[in-house]
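Please find below a short note for a reader who is new to this entry. It is arranged as numbered points.

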Amino acid sequence: MITRHTVISLGVSQLVCWGISYYLIAAFGARIAEDLGWGEPFVYGGFSAALIIMAVTSPLTGQAIDRFGGKVVMTAGSLMLAIGCGGIALSYSIEAYYLSWMLLGFAMRLCLYDAAFAALARIGGVHAKRPISQITLLGGLASTVFWPIGFFLAETFGWRMALMIYAIFALLTIPLHLSIPTSRFGVQTKASDVKQLSFPSPSAATAREQWAAGSLYALIFTLLNFLNSAMSTHMITLLAGLGLTAALSVWISTLRGIGQSFARVCEVLFGARLHPVSLTILASLFLPVGFIIGLFSGQFLAASLLFAFLFGAGNGLMTITRGTLPLVLFDHETYGSLVGKLLVPGFLLSAISPIVYTYIIQHYGEQTALVISAALSFVIFVLSLLLKSRFYPTAAKQ
């Protein structure tokens, strides 16, 4: 039921929507602060406000996709993205700036990965695993493509005009979202279909198992969202603070996107029969290894390259499992509503992440920020092992 055209359309839309929204602050934050004379905490606080709105609207968005489908919801997201980018471009006061970011936050929840995953689950049910992986291939290149584009546009036209161009990019995604089918997966899954997917669904059958699985899922991706938000905002700053030039820091940071897409290509080509829980363990292992290597970025250029690439690879695979784990743990018919609720803590914690890391970097330095990141990523790895010990043996027996 999920056609190649749908997968390509959503993949392109994810590339654009992530690039002009979530990765916006890293490209323009410092310029906005310098131009308007505001402190960086105030500027980055706009991104935090957007993430809070993502959390508040997450359950409602999930319910809306379950009911109306991704076509209506994600098209509305494209319109709001355009208005949000234009609003930031025209902001001359704190009030207008924050209001624009709040609108942008709602738009992000309506059209980024979690909305796209729910839309695919509604169309394809348990068969959405592979399409979920496929649409992340282009989306993973968002920072690689749009960080250089953003810096070029800001240098050439100024940050305000650059954001107006971003608003035009947002409008161009409307036809992509209008092409999403409105059909719903309603045919009962056959035993042969489940066998072909190589994992059963759902693994958490009882209310107690659903609570345990939901808690572990929420903890894993709450911590991951916290780290992802921090790195999206401060990876360039971290590398520059460790001794690299500003220009080199920008280009090395783009390896994050390359790592994301490379890992996702490998998953699409070779991971069809790999259980999402096993993929989560593998992906979460890349994160602490990458942060530990990143501690030596100031001494060795290769360390900074590996840091950006490994974080991208781990985060890229974890993005896939964020979408596929609910397919094997819970009932796909309530995918959007349930996942929307489970992601609320992650959005809330990620909202304070840029501010927390700004404080850590300013008062304790870039090395301390990387040590804290390594510790948090190791906790994610341990939680992934716990999820496997609790649910994967059950899945294997089935």
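The points below concern a predicted model and take up salt bridges, cysteines, aromatic residues and one serine in turn.

1. Salt bridge between Arg31 and Glu155. The structure holds 3 salt bridges. In one of them, Arg31 pairs with Glu155, and the closest N and O atoms are 2.7 Å apart. Arg31 belongs to helix 2 (residues 24-36) and Glu155 to helix 8 (residues 142-157), so the pair ties together parts that are 124 residues apart in sequence. Arg31 is partly exposed, at 23% relative accessibility, whereas Glu155 is exposed, at 58%.

2. Salt bridge between Arg322 and Asp114. Here the closest N and O atoms are 2.9 Å apart. This pair links distant parts of the chain, with Arg322 in helix 16 (residues 301-329) and Asp114 in helix 6 (residues 113-124), 208 residues apart. Arg322 is buried, with a relative accessible area of 6%; Asp114, at 10%, also counts as buried.

3. Salt bridge between Lys129 and Glu267. These side chains meet at 3.5 Å, N to O. Lys129 lies in helix 7 (residues 129-139) and Glu267 in helix 14 (residues 255-270), so parts 138 residues apart in sequence are tied together. Both Lys129 and Glu267 are buried.

4. Cysteines. How many disulfides does the structure hold? The number is 0. For Cys111, the closest cysteine sulfur is that of Cys17, and a bond is ruled out because the separation of 4.0 Å is too far; a disulfide requires sulfur atoms within 2.5 Å. Cys111 is buried, at 0% relative accessibility, while Cys266 is partly exposed, at 28%.

5. Aromatic residues. A search of the whole structure finds 22 aromatic pairs. Tyr217 and Phe221 form a tilted pair, 4.8 Å centre to centre with 50 degrees between the planes. The two residues are 4 apart in helix 12 (residues 207-241), which means that about one helical turn separates them. Tyr217 and Phe221 are both buried. Elsewhere, one aromatic cluster includes Trp18, Tyr22, Trp38, Phe47 and Trp147 among its members.

6. Is Ser353 buried or exposed? Its relative accessible area is 0%, and Ser353 therefore counts as buried. Ser353 is part of helix 18 (residues 344-364). Leaving aside residues up to four places away in sequence, Ser353 touches Phe226, Ser229 and Ala230. The side chain of Ser353 also reaches the backbone nitrogen of Ala230, at 3.2 Å.

Conventions. Residues numbered from 1 in each chain as written. Predicted model: local features only at pLDDT ≥ 70, side-chain atom pairs only at ≥ 80, totals over all residues. Heavy atoms only, no water. Buried < 20%, exposed > 50% of the residue type's maximum accessible area, 1.4 Å probe, protein only. Phe/Tyr/Trp six-rings, centres within 6.5 Å; stacked < 30°, edge-to-face > 60°. Contact = heavy atoms within 4.5 Å. Polar contact = N/O pair within 3.5 Å; in protein donor to acceptor, adjacent residues only side chain to side chain. Salt bridge = Lys/Arg side-chain N within 4 Å of Asp/Glu carboxyl O.
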